[in-house]
Amino acid sequence: MCRIYMTIGKEKNENIGYAFISPYIIFLLAFTAYPLVFSFYLIFHRWDLLTSPAFVGLDNFIFLLHDTQFWQALLNTLVFLLIHIPLQIFFSIIIAMVLAEKIFARTFFRAAFFLPVIISGAVVTILWQKLYATDTGIFNHLLSLIGISPVGWLTSTKIAMPAIAIMATWKNMGFYIILFLGGLLSIPGHLYEVSRIEGASRWQDFWRITLPLLRPTMLLVVVLSTFGAFSLFIEPYVMTGGGPLDKTMSVVLYMYKHAFLFQHMGYAATIGFALAIVILMVVLVQKKYLGKETEY
Amino acid sequence: MLSNLFTIFLLFSACNCQAVELLYWSSSNTEEIKLAKILVNEWNELHPDIHVKVQPIPATGSSEEILLSAIMSKTTPDICSNILPAIMGKFIESKAVVCLDRFKDSEKVIVDRTGTKLTDKFRSNNGKLCQIPWKSNPVMLAYNTEIFKSLKLKPPKTYSEFINVAKSINSDEDGNGILDHWAMKVSIKTVWYQRLFDFYPFYVAATGGKTLLEGDKAIFNNDGAIAAMKFFADGFKNRYFPMLGFSRDTFVDGKTAMSMVGPWIIEYYKRLNPNLKFDFAPIPVPDNHKGPVYTYGDPKNMVIFSTTKHPDEAWKFIKFLISKKADLKLLELTSQIPTRAHIADDAYFKSFFKKNPLLKKAARQADFVVPMDDSPHLIQILDIISRQFEAAAIYRVISPEKSMKMAAENVQNIYDYW
């Protein structure tokens with residue numbers, strides 16, 4: 001009898017448990033699982049939102065392989081990645097190290113560096129568009145003070161993507177500074193004390209202790225930055241529209257164009273899946289080289 | 001007492017049940033919202049049995065994207081007055097709009113107002129009318145009259161005249177090697193609709209009123225298109241058009257002396273710079289051009305969406321919106337031209353045009369306009385042209401001839417593949 005009561009009680013508890021997790025399950029099914037499955041279905045279809053999807057087999061893949069604009073967009077995204085990630089890591093570590101010290105108004109500076117992260121991406125982009133403006137932008141004004149002609153920050157094929165990468169670095173750096181700061185503060189202080197007794201310089205401390213022990217944080221930062229860089233959208237969408245001559249067209253912006261401007265939902269889904277595969281490959285390579293554990 | 005209250009309640013409920021509710025999406029610019037509100041208030045006062053609620057189209061990007069989303073989610077209003085005729089093909093194919101042959105008087109009402117020739121341009125492939133021609137904004141050459149007067153110039157009619165005028169206008173006042181004044185404002189943005197306000201009107205003018213397609217065939221790889229593209233390439237090369245990413249409208253600031261705009265700009269310029277003095281002229285054409293100068297009409301039409309439960313009432317309301325009285329309000333409040341045949345000579349509008357000579361010029365030009373082709377691939381086609389414009393005119397990495405050849409091939413590929 002007692003056993004029966006216990007079973008009933010257990011079932012009741014389980015039901016309550018399910019009730020608690022049901023909002024998350026519903027959310028996951030509706031906004032992650034369903035779109036993922038539907039996108040996979042769309043890869044093999046042509047769909048313009050208004051009429052019924054038509055099965056096209058592997059046509060979308062074949063089109064993708066021959067689509068020079070897609071490959072240009074992928075190349076642009078990789079260029080952005082190669083500029084943005086090193087810049088971001090370099091400045092984040094430097095600033096995090098400064099902010100880890102007992103400097104004047106440290107809390108203020110920590111908050112100040114984090115501020116761009118919480119400002120809307122669209123607002124930041126519009127603000128930087130004004131700074132980059134060829135005629136009235138502050139950057140060209142400063143250059144003119146030292147006798148340099150105006151630079152087409154967003155109109156030059158060579159400068160536009162680096163200019164966007166600099167802006168994106170400024171916008172996201174605060175988040176990575178916090179991660180590095182956490183990593184720095186978790187390094188045991190006695191390691192530095194021992195190294196000092198052994199006569200090591202601060203430079204040697206950095207190379208032999210700080211950097212190796214920041215490796216897990218570095219991997220996290222690199223992986224998160226890679227995801228962020230591959231999802232580059234709002235900056236070229238607002239600032240350049242993908243120009244000049246497609247040099248700032250990112251894969252996500254190209255996917256958006258096909259999905260929501262041309263209503264090629266099937267092809268856009270194919271671009272999305274191709275991008276997911278590229279991201280997976282890049283992250284696996286990063287993990288291979290940065291994922292080694294360091295112990296002292 | 002209670003029974004009296006009950007009777008009043010019943011009567012009130014009955015009145016509410018009889019009133020038909022219509023939702024009308026207007027364009028979201030300030031002037032058109034004002035116009036829509038005035039017209040709707042007037043209608044509601046006159047027709048207590050058909051209550052119309054007006055709402056600006058909830059557009060964050062282009063209204064076409066919003067309308068497609070609304071059609072897909074079946075949240076379209078009863079009526080919308082911001083329809084680009086070129087995307088009607090998609091709407092008709094998906095049965096999203098009510099075709100007007102279900103209303104007995106529709107053909108007469110529309111042809112009487114718009115004229116047979118222009119009405120036919122808005123018919124769908126099966127000959128049916130599924131949109132109500134409403135207004136157009138013929139794209140013309142706006143020129144700063146003070147700059148032209150001070151330099152003793154006349155608005156250019158041909159490409160050669162344009163070059164001569166441009167040479168006089170371009171100037172580096174402070175001698176620092178950077179130009180301070182340019183001949184004409186041309187956007188260097190590659191967004192698809194931008195070419196409707198530079199390359200396309202020049203193409204239409206140069207070809208004597210041709211559009212881009214004939215059925216499913218791209219027909220724009222022709223002399224007119226190449227001449228127009230060459231015109232822009234030379235303009236950018238000789239710096240008649242600024243390549244700088246300006247943060248303001250250079251025509252309003254007086255930095256450029258010409259701009260390609262529709263008459264709607266009058267109200268906008270009044271707000272930005274009330275002292276700006278300008279006039280309209282037809283789009284310049286190649287030197288050997290003969291015949292009238294056509295341009296892009298930038299038409300916007302009305303539709304009744306098939307989600308409506310009250311198509312007859314919606315049609316009644318639309319007839320009110322395209323009445324002469326409403327058309328006069330459209331002119332007065334928005335500076336846009338009703339799609340009404342020979343409106344410049346219509347006695348009803350005579351006194352208005354007398355007071356507004358700028359709009360009279362636009363109204364005269366409205367008799368020589370073409371719309372954009374109705375194609376399900378319109379945005380992609382304009383995107384292709386825009387990218388070729390960037391390559392051939394702005395950055396000049398390919399020749400105008402090659403750009404037009406490539407654009408036509410790419411457009412044909414769209415039809416073959418998509």
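The mean pLDDT of chain B is 90, and 94% of its residues reach 70 or more; pLDDT is the predictor's confidence in each residue, from 0 to 100. This is a predicted model: local features need pLDDT of at least 70, side-chain atom pairs count only at pLDDT 80 or more, and totals for chains, interfaces and linings use all residues. Residues are numbered from 1 along each chain as its sequence is written, while chains are lettered from A and ligands numbered from 1 in the order in which they are written. For the complex, the predictor gives an ipTM of 0.81 and a pTM of 0.85.

**View 1. Chain B as a whole.** Chain B holds 17 helices and 14 strands (DSSP runs numbered from the N terminus: helices are H or I, at least four residues; strands are E, at least two). Of its 418 residues, 47% count as buried (20 or more other C-beta atoms within 10 Å of the residue's own, with C-beta atoms placed from the backbone). The C-alpha atoms fill a box of roughly 90 × 50 × 40 Å along the principal axes.

**View 2. An open sheet in chain B.** Four strands line up as β6-β9-β5-β10, with mixed pairing. Two strands pair if DSSP finds at least two bridges between them. The edge strands, β6 (182–185) and β10 (278–281) of chain B, each pair on one side only.

**View 3. Strands β5 and β10 of chain B.** Strand β5 (residues 140–144) pairs with β10(B) in the antiparallel sense over 4 bridges. Here B:Ala142 stands opposite B:Phe280 of β10(B).

Key:
A residue is buried if 20 or more other C-beta atoms lie within 10 Å of its own, exposed if 12 or fewer, and partly exposed in between; C-beta atoms are placed from the backbone.
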